[in-house]
Amino acid sequence: MIKKILIANRGEIAVRIIRTCKEIGIKTVAIYSDADRISLHVILADEAYPIGSSHSTESYLNISKILNVIKKSKADAVHPGYGFLSENADFATSIKKIGVNWIGAPTKAIKLMGDKIAARNVAKKHSISLIPGSKNSIKNINSLTRIANQIGFPILVKAAGGGGGKGMRIVYSKNELIAAFDRATSEAQKAFSDSRIYLEKYLEDPRHIEIQVLSDSNGNHITLGERECSIQRRHQKIIEETPSPYIDDTLRNELSKASIILAKACNYEGAGTIEFLVDKNKKWYFLEMNTRLQVEHPITEMVNGIDLVKEQINIANGKKLSISQKDINPSGHAIECRIYAEDYLINFQPSTGKIIDYFPPAGPGVRMDEGFIRGQEVTSHYDPILAKLIVLANTRKEAIAKMDRVLTEIKIIGPVTNIPICKDIINHSTFKNGTYFIHTLNQILPEIINNQTKKIELSNTALILNQHQKKIGQIKTDDMQSNWLESGINDGIE
Ligand code: ADP
């Protein structure tokens, strides 16, 4: 049985894994780069080891350094979290080779489903509906134009080994095709050391809906409902909710059935996610499978009352799933906002600096998966995600009201965060009505940014007025002023 887990990750996901381990009596080992010397995951873990400079290739992506810490700490298992090495089959293999338990997907499944072309072929073999596209990677310009014409524009040029929206290009007409293909190829080579590109029909206004799967090593597979992830900016999710306001039980069952077929097809073990796109006519298509814990997994945990990390550890211990499909009965409505350190007024540029102060959100049905503490430095070395704010309520309307309340309450003082943007999104009519698609945020963002800019201008004018009035003795409330200033540091407005 697993007794000590090394978490090969950082930030909020490392903290989240450590928290479950503590609850079930498993010791934890943190690794950290120079930039993360003072950080929450290091403080919370039972042991912490430095692994090198801040550049991820020198630390969190460096397999041999991590293997050294595993040996030194005598950890008997590794949890990779998401990102970094979580879907790296070589890492999984090298962990298993030294007799250490890998709390992740089987190597074969990582390889098969991590390759988007191979995954599409698995789905095709099992008659799962696919977005029209090329069967293989594009070999030359002739086949590029021929296949593109067959599919019909608009087309998405996609990296076979891609992820996180990288190596993806939308092409609206024939004359943009070759340039887009060349750019995607070099981006894919640089980011994933895999230059293979394939084509997919670009769906104009779909929803991104995904199914959580749990599979044990005894061949049992269950699904835990869907997550609606259509609030995206540059193909990156920002706000997720479950249940989806878009789908009914019939569609939910169809997606679950397809997910089980795919989990079985790749002999899956552990927690995995099958992603689908659903179009305006509710026709659905398999998009890809993520063979790891997903960023947005907490909303599934909230409505199901299940700890997915605990389930992952049970599965890695060779145990049967502690729950069967008939036990899965999600209740209530959960929403997650990803809190990013980014400056929405400068084109969402990552915002860095010390966390000067932090007022955590609280109250019934509120969960904050944060990866930082006061005094911690936010650097530009890693993904700008600071935390995930999750709420659970009985109904969708109540969940939105709760999220609105907590987004007002929470204060992160230091780097600029996207908190005001999340607040404006959940209060936007398209979110409130549940009628949004994956491009909705791009459409409403200019209006949201404009409103934010106006608010800041107004608050600056009010601040000058206030200071002036104070000078002439009309207002003496120093405290009021400093409170106002402090909250202004957080989101620049309130
Ligand atoms: P990644 O591995 O980067 O997450 P995905 O294939 O999952 O790449 O796509 C990420 C996002 O890109 C999707 O959620 C969706 O918004 C968009 N996308 C991907 N494929 C298509 C498509 N064929 N048509 C329209 N949008 C797509």
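Within this predicted model, an oxygen atom of the ligand sits 2.5 Å from an N or O atom in the side chain of Gln-232. That pair counts as a polar contact, meaning N or O atoms within 3.5 Å; within protein, one atom must be able to donate a hydrogen and the other to accept it, and residues adjacent in sequence count only if both atoms are side-chain atoms.

Residues are numbered from 1 along each chain as its sequence is written, and side-chain values use heavy atoms, with hydrogens and water left out. As for confidence, local features need pLDDT of at least 70 and side-chain atom pairs count only at pLDDT 80 or more, while totals for chains, interfaces and linings use all residues.

Now for the rest of the shell. The ligand is surrounded by 21 residues, the closest being Lys-116, Gly-164, Gly-165, His-208 and Gln-232; a residue is near a molecule or strand if one of its heavy atoms lies within 4 Å of it. By type, the shell splits into 8 nonpolar, 7 polar and 6 charged residues. Here Ala, Val, Leu, Ile, Met, Phe, Trp, Tyr, Cys and Pro are nonpolar, Asp, Glu, Lys and Arg are charged, and the others, Gly among them, are polar. At least two shell residues come from each of β6 (155-159), β8 (197-201), β12 (270-278) and β13 (284-290). Helices (H or I, at least four residues) and strands (E, at least two) are DSSP runs, numbered from the N terminus.

In domain terms, the protein divides into domain 1 (4-103), domain 2 (132-201), domain 3 (207-449) and domain 4 (450-494), with bounds from an automatic or database domain assignment. Domain 2 and domain 3 each give the ligand shell at least three residues. The centres of domain 1 and domain 2, taken over C-alpha atoms, are 35 Å apart.

Next come two well-covered helices. In α10 (residues 297-304), 8 of 8 residues are buried, where buried means under 20% relative accessible area, exposed over 50%, and partly exposed in between (1.4 Å probe, protein chains only). Just after α10, Gly-305 has a positive phi of about 65 degrees. Helix α11 (residues 308-316) has 8 of its 9 residues buried. At the start of α11, a side-chain oxygen of Asp-307 comes within 2.9 Å of the backbone nitrogen of Val-309, and just after the helix Gly-318 shows a positive phi of about 85 degrees. One of the residues in α11 is Gln-312, which counts as buried because its relative accessible area is 5%. Setting aside neighbours within four places in sequence, Gln-312 is in contact (heavy atoms within 4.5 Å) with His-79, Ile-103, Ala-271 and Leu-293.

Other buried positions turn up elsewhere. Val-69, in helix α3 (residues 63-73), has a relative accessible area of 3% and is therefore buried. Beyond its neighbours within four places in sequence, Val-69 is in contact with Leu-6, Val-29, Ile-31, Tyr-49, Ile-51 and Lys-74. Ser-134 lies in the loop between α6 (116-125) and α7 (141-151) and is buried at 4%. The Ser-134 side chain reaches the backbone oxygen of Asn-136 at 3.2 Å. Ile-412, in strand β22 (residues 411-413), is buried at 0% relative accessibility.

Most residues other than glycine have a negative phi, and most peptide bonds are trans. The bond from Phe-153 to Pro-154 is cis, with omega near 0 degrees, and Pro-154 lies in the loop between α7 and β6. Another cis bond links Thr-242 to Pro-243, with omega near -5 degrees. Arg-234 is not a glycine, yet has a positive phi of about 50 degrees; at 52% relative accessibility, Arg-234 counts as exposed. Asn-347, also not a glycine, has a positive phi of about 55 degrees and is exposed at 55%.
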